Amino acid sequence: TPAEMVDPDVETVSEEDALPEADALSWAGAVDPGTTLLLAGPPMTGKRALLYRLVAADRAPDRGRLLVTTRKTGDAVEGEYREVHPDVPGERLAVVDCVSDQYGVDLRESERRRYAHDPGDLTGIGIGVTEFMRQFHEDPDVNGVEVGLHNLSTMLMYADLRRVYQF
């Protein structure tokens with residue numbers, strides 16, 4: 001049964017109890033620029049909320065933010081992120097959405113939204129990320145970019161390990 005499959009050594013907590021915002025922000029300040037982090041843990045432990053707080057940790061208005069979503073629509077992710085960082089300027093937040101196409105939504109790319117067909121469309125994801133990174137790089141008012149990708153596990157369900165690793 002599912003209850004028997006639960007590992008007694010793994011502590012699960014609600015998203016609200018996972019890591020207080022102040023702790024996430026102080027921890028993020030200790031991470032060197034350019035560092036790649038992998039957040040891992042059991043379901044429902046606040047990984048997505050922590051990702052948003054880490055991407056929002058440097059609240060400088062001259063930073064670009066790029067989110068790649070493989071489980072929720074771009075609109076949902078942008079809304080959740082804005083709850084954490086409501087004052088991020090619109091031109092400083094970009095989203096690569098790998099979900100909406102599967103729902104048959106009328107996809108209209110915008111200045112800050114790109115779409116991939118599904119989480120296994122590594123080419124589409126890469127094109128969207130590259131376009132936004134180029135735009136942020138060419139903007140003289142942008143001083144660096146914070147990137148967050150949620151969820152690697154979903155990508156691995158759609159693409160083989162080797163391709164995702166190379167990505």
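Analyst: V96 and I125 touch the most other members of the largest nonpolar core, which has 15 residues. A nonpolar core is a set of buried Ala, Val, Leu, Ile, Met, Phe, Trp, Tyr and Cys residues joined through side-chain atoms within 4.5 Å. Buried means under 20% relative accessible area, with exposed over 50% and partly exposed in between (1.4 Å probe, protein chains only). β1 (64–69), β2 and α6 (122–138) each supply at least two residues of this core, and α6 gives the most, with five. Helices (H or I, at least four residues) and strands (E, at least two) are DSSP runs, numbered from the N terminus.

This is a predicted model, in which local features need pLDDT of at least 70 and side-chain atom pairs count only at pLDDT 80 or more, while totals for chains, interfaces and linings use all residues. Residues are numbered from 1 along each chain as its sequence is written, and side-chain values use heavy atoms, without hydrogens and water.

Apart from neighbours within four places in sequence, V96 has contacts (heavy atoms within 4.5 Å) with L66, L67, V68, T69, R114, I125, G128, V129 and F132. A second, separate core has eleven residues, including Y52, Y81, V88 and V95.

Now the sheet. Its four strands form an open sheet in the order β3-β2-β1-β4, with parallel pairing; two strands pair if DSSP finds at least two bridges between them. β3 (113–115) and β4 (145–150) are the edge strands, each with a single partner, so one side of each has no neighbour in the sheet. On average, neighbouring strands are turned by 15° against each other, direction ignored. Axes are lines fitted to C-alpha atoms, for helices over the stretch in contact, and angles run from 0 to 180 degrees between N-to-C directions. β2 and β3 run parallel and are joined by three bridges, and V96 stands opposite R114 in β3.

Two helices lie against these strands. Helix α5 (residues 74–84) packs on the sheet and touches β1, β2 and β3, its direction making about 145° with that of β2. α4 lies across β1 and β4, at about 170° to β4. In helix α4 (residues 47–56), nine of the ten residues are buried, among them Y52.

As for confidence, pLDDT is the predictor's confidence in each residue, from 0 to 100. The protein averages 83. Over residues 1–18 the pLDDT is below 50. Where pLDDT is low, the predicted coordinates should not be read in detail.
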